Amino acid sequence: MATEPANVIICPSCGAENIEGADICERCLMDLSSIDVPEAAQVLKESDLTLPIAAVRWSKPVTVQAGASVREAIRLMQEQRSGAVVVLRGREIAGIFTDRDVVAKVARDPAALDRPVDTVMTPDPVVLRDDDMMAYALNKMGVGGFRHIPVVRDGELVGMLTGRDVLNWVMGRYFD
């Protein structure tokens, strides 16, 4: 019979094990300071929230290489009907450029259209692994306010999880 490891606190948001006394979850950054007593309970094994995000049909990522113009990135977003592009340096994720960046950084400065996209992108974006649980993905999106999160497998970009993808998954699981 397996026993729970001693001196571990389970994050109620993502189910990650943290060292007892930790103020924030090492995995999802949830505030753990209000949790006085370690709990052995995790998200129920039968819960859909324990499914990996690979269970969701995520979007194909739209990509642009660092150094491409902001104008080119916006054109790709329009053509692909995407709210974001992943900015790559070779095959490595350098950043993300979203419709929010267009509104906040480009709309007020039309000259930015001809600058490299890496000057207005969000560098080093939060990413999800394709084997991360849905609970973890939902927490990241909710806490971070993200509508687009790149998905990686073995460090390689394989998809983009969007708010729409998550909503479609929820609707299909619970309202079909």
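In these legends, two residues are in contact when they have heavy atoms within 4.5 Å of each other, and helices (H or I, at least four residues) and strands (E, at least two) are DSSP runs, numbered from the N terminus. The model shown is predicted, so local features need pLDDT of at least 70 and side-chain atom pairs count only at pLDDT 80 or more, while totals for chains, interfaces and linings use all residues. Residues are numbered from 1 along each chain as its sequence is written, and side-chain values use heavy atoms, with hydrogens and water left out.

Figure 1. Of the 176 residues in the protein, 39% are buried, where buried means under 20% relative accessible area, exposed means over 50%, and partly exposed lies in between (1.4 Å probe, protein chains only). Among the contacts with a separation of 6 or more, 51% are accounted for by residues 24 or more positions apart.

Figure 2. Asp165, Val166 and Trp169 of H4 are buried. They lie on the same side of H4 because they cover an arc of only 95° around the axis, an arc being that of the directions from the helix axis to the C-beta atoms. Arg164 and Leu167, on the other side of H4, are exposed. The cover over the buried residues of H4 includes helix H3 (134-144) and strand E9 (156-162).

**Figure 3. The largest pocket, with about 430 Å³ of space.** On a 1 Å grid over the protein atoms alone, a pocket is an open set of points with protein on both sides within 12 Å along at least five of seven lines, and lining residues have an atom within 4 Å of a point. The volume is the space filled by probe spheres set on the points, which are joined across faces, edges and corners. This pocket is lined by 17 residues, of which Ser59, Arg81, Ser82, Gly83 and Thr162 are the closest to its centre. Helix H1 (70-80), E9 and H4 are the elements that give two or more residues to this lining. By class, the lining of the largest pocket holds 5 nonpolar, 7 polar and 5 charged residues; Ala, Val, Leu, Ile, Met, Phe, Trp, Tyr, Cys and Pro count as nonpolar, Asp, Glu, Lys and Arg as charged, and the others, Gly among them, as polar.

**Figure 4. The second largest pocket, with about 230 Å³ of space.** Of the 13 residues that line the second largest pocket, Ile96, Thr98, Thr122, Phe146 and His148 lie nearest its centre. Strand E5 (92-98) and helix H2 (99-106) are the elements that give two or more residues to this lining, and H2 gives the most, with 3 residues. The lining of the second largest pocket divides into 4 nonpolar, 5 polar and 4 charged residues.

**Figure 5. Arg81 and Asp124, two loop residues.** Most residues other than glycine have a negative phi. Arg81, although not a glycine, has a positive phi of about 55°; Arg81 sits in the loop between H1 and strand E4 (84-89) and is exposed, with a relative accessible area of 79%. Asp124 is not a glycine either, and has a positive phi of about 45°. Asp124 belongs to the loop between strand E6 (122-123) and strand E7 (128-129), where Asp124 is exposed, with a relative accessible area of 68%.

Definitions and conventions:
On a 1 Å grid over the protein atoms alone, a cavity is a set of points where a 1.4 Å probe fits but cannot get out, and a pocket is an open set with protein on both sides within 12 Å along at least five of seven lines; lining residues have an atom within 4 Å of a point.
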